[in-house]
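Let's take a walk through this protein together. Have a look at the picture first, then read on.

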Amino acid sequence: MPSFSRTAALGNYELLALIFGNFLPWDPTCLTRDEVVQGRKQLRDLAITCKAFKETALSKLWIYLDSFLPLALVLPDLRVWDSGYYFIGDLPKDSTFRQYASKVRVLNLQPSIQKPLSISPHAYVLIAKLLEGQALFPGLRKVVLQAECDPATELAGLPLVFPPSVETPEIYGEGPAKPMFANYCPPFLMTQFKSNLKHLSLRNDKQDVDPAVVEAIVQLTGLETLDLQLPQSNRIKPESLMEIGKAFQKLTALKIDVHFPSHRVSETSPHQKHDLDTSGLFPALKSLHVVSRSENQLCACIPAYLVKKITSLVLMLTAPIQTTDFFASITLSLSEMRSLKKLEVFGGESTRVAHWNAVLPLLQQQPLEEFKLDVFQSPSWTASLETLVDGAVAFHNQTSKNTAVIQPLRALILPSSLKNSFITLDCLSTLAEEAIGLEYLAISLKPEGRSSERKAIADLLFAWRTSKRSSCPLKHLAVSQFGQNIVFSAQEYDDLAQLLDLVFPQLASIRPYDGEKAELYWNQHWWFIERLRKMYKTFRLNQLPSL
């Protein structure tokens with residue numbers, strides 16, 4: 001590369017920012033803790049490796065904070081007294097504190113389990129005084145506030161934290177159920193940011209939240225996305241959802257987990273009318289995620305006029321699945337959901353399954369793109385699980401009566417750690433042959449055949465090497481290994497890595513099921529298997545001889 005081209009590239013802030021964004025996106029709240037830490041380390045290394053990288057790398061490094069503490073540590077003349085941080089200096093406009101604070105775009109304030117040294121109230125007051133009315137984070141776009149038990153303390157800093165640039169507040173935890181939250185937080189948002197807010201999320205799954213909070217949200221008419229997950233708030237009126245639908249003409253995405261006493265609504269209520277004129281309700285809505293909590297029936301808390309717009313449905317179960325027609329009623333409801341793309345089934349500790357054939361109709365009723373199953377099970381479930389997988393894949397590969405191909409399943413997520421329940425390599429091999437559209441798979445895997453009579457790793461590898469060529473489009477595989485005491489030989493590590501490369505030639509990554517790399521099965525086995533697989537993929541793509 002000519003020197004002038006190299007200089008131009010290294011001096012191009014926009015280009016470097018685009019590249020460095022791959023290490024840590026501007027909103028990392030969707031990443032696991034491990035991924036955030038790894039991204040920060042990479043950006044730190046870039047900043048100290050090359051002077052041309054320093055400004056851009058630091059901008060990306062400070063784009064996300066999950067605590068005030070890292071920023072407080074660059075305050076001038078910082079002191080520690082009585083388990084708290086104090087400072088007695090000044091904050092000139094060119095101070096490191098102001099420079100880094102101006103780069104923050106996402107602030108995720110999580111309650112700390114461990115109680116480290118805290119920032120003293122004196123420090124907050126002095127910062128506010130020295131800023132002379134200016135915003136602490138002038139470029140802030142998103143605030144995630146996980147308020148727990150004492151919102152009087154945790155919400156006290158809102159005027160200092162929230163600048164006019166904030167578009168997205170997300171508030172979780174027990175705090176929203178406190179009277180102080182209902183009386184303070186919504187009015188604060190209405191008066192200060194009514195015209196700026198575009199996205200709002202409010203979640204509390206344990207306590208009853210004052211219905212005044214939901215009624216106040218109606219005033220935020222500029223919202224584009226709304227997430228209301230308040231399953232224990234039984235005082236919210238059905239009419240509130242209709243008022244939201246009328247007020248939010250720009251709303252494109254809605255998530256609701258809102259329920260009424262006994263999951264019942266008067267039959268004369270507009271909430272229950274299928275033929276209601278909905279021309280003025282949610283006119284821009286494209287994505288609708290709802291949660292049903294009425295076992296094997298569609299929850300009556302879900303407005304009838306929204307059923308056809310549902311794109312994502314969650315079924316929350318507590319009762320055991322004891323009959324093959326357990327989901328017969330909900331299956332009929334699914335047939336009305338013409339926009340449904342994603343279905344999730346969650347169960348509690350008492351949700352044990354006697355008949356797994358009952359689950360299959362949920363997959364075969366609609367051309368789903370994603371299906372997630374997370375329930376407890378009866379012993380010796382492996383054969384039923386693999387039948388479920390085979391049935392799901394087979395249905396999504398068939399052709400309908402009008403000869404149009406049914407939308408292939410793109411994501412399949414199965415339980416991660418169930419007793420006597422796992423996917424074998426035989427099933428995984430069959431899935432690779434039949435799953436023509438599958439791109440994401442999360443499973444509990446037992447890295448061997450179903451029994452001693454079935455093909456082992458080496459036999460499957462030989463079969464794929466000699467007679468099979470996979471066209472499976474799978475790109476991401478999340479694994480939870482069944483059995484923590486499995487011992488691999490060096491040859492089995494190597495064979496399994498080669499097999500996975502042949503079975504899933506487009507695979508970009510294998511990751512631990514829950515995203516965290518601290519799991520024993522990952523540290524002991526799978527990180528090494530994944531490293532070998534990537535090596536064999538490189539050999540294959542570059543037509544190099546294997547070792």
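## Strands side by side

Two strands count as a pair if DSSP finds at least two bridges between them. Keep in mind that what you're looking at is a predicted model. With that in hand, look at strand β17 (residues 440-446) and strand β18 (residues 476-481): they pair in the parallel sense, over six bridges.

Strand β15 (residues 411-413) runs parallel to β17 and is joined to it by three bridges, with leucine 412 standing opposite leucine 441. Strand β16 (residues 423-424) also pairs with β17 in the parallel sense, this time over two bridges, and there threonine 424 sits opposite lysine 446.

Now jump to helix α2 (residues 13-20), where Leu16, Ala17 and Phe20 are buried. These three lie on the same side of α2, because they cover an arc of only 100 degrees around the axis. Over on the other side, Glu14 and Leu18 are exposed.

## Charged pairs

Side chains of opposite charge can pair when their charged atoms come close. Here the count comes to 17 salt bridges. One of them joins arginine 533 to glutamate 530, with the closest N and O atoms 2.7 Å apart. The two are three residues apart in helix α19 (residues 520-541), so about one helical turn separates them. Are they buried or exposed? Arginine 533 is buried, at 0% relative accessibility, and glutamate 530 is buried as well, at 6%.

Glutamate 369 and arginine 410 form another salt bridge, and their closest N and O atoms are 3.9 Å apart. This pair links distant parts of the chain, since its members are 41 residues apart. Glutamate 369 is partly exposed, at 23%, and so is arginine 410, at 37%.

The mean pLDDT of the protein is 80, and 79% of its residues reach 70 or more. Confidence is highest in strand β11 (residues 287-292), at a mean of 96, and lowest in helix α8 (residues 151-154), at 52. Over residues 399-405 the pLDDT is below 50, and this stretch has three contacts beyond near neighbours in sequence. Residues 449-454 also have a pLDDT below 50, with eight such contacts.

Conventions: Residues numbered from 1 in each chain as written. Heavy atoms only, no water. Helix = DSSP H or I, 4+ residues; strand = E, 2+ residues; numbered from the N terminus. pLDDT = per-residue confidence, 0-100. Contact = heavy atoms within 4.5 Å. Buried < 20%, exposed > 50% of the residue type's maximum accessible area, 1.4 Å probe, protein only. Arc of directions from axis to C-beta. Salt bridge = Lys/Arg side-chain N within 4 Å of Asp/Glu carboxyl O.
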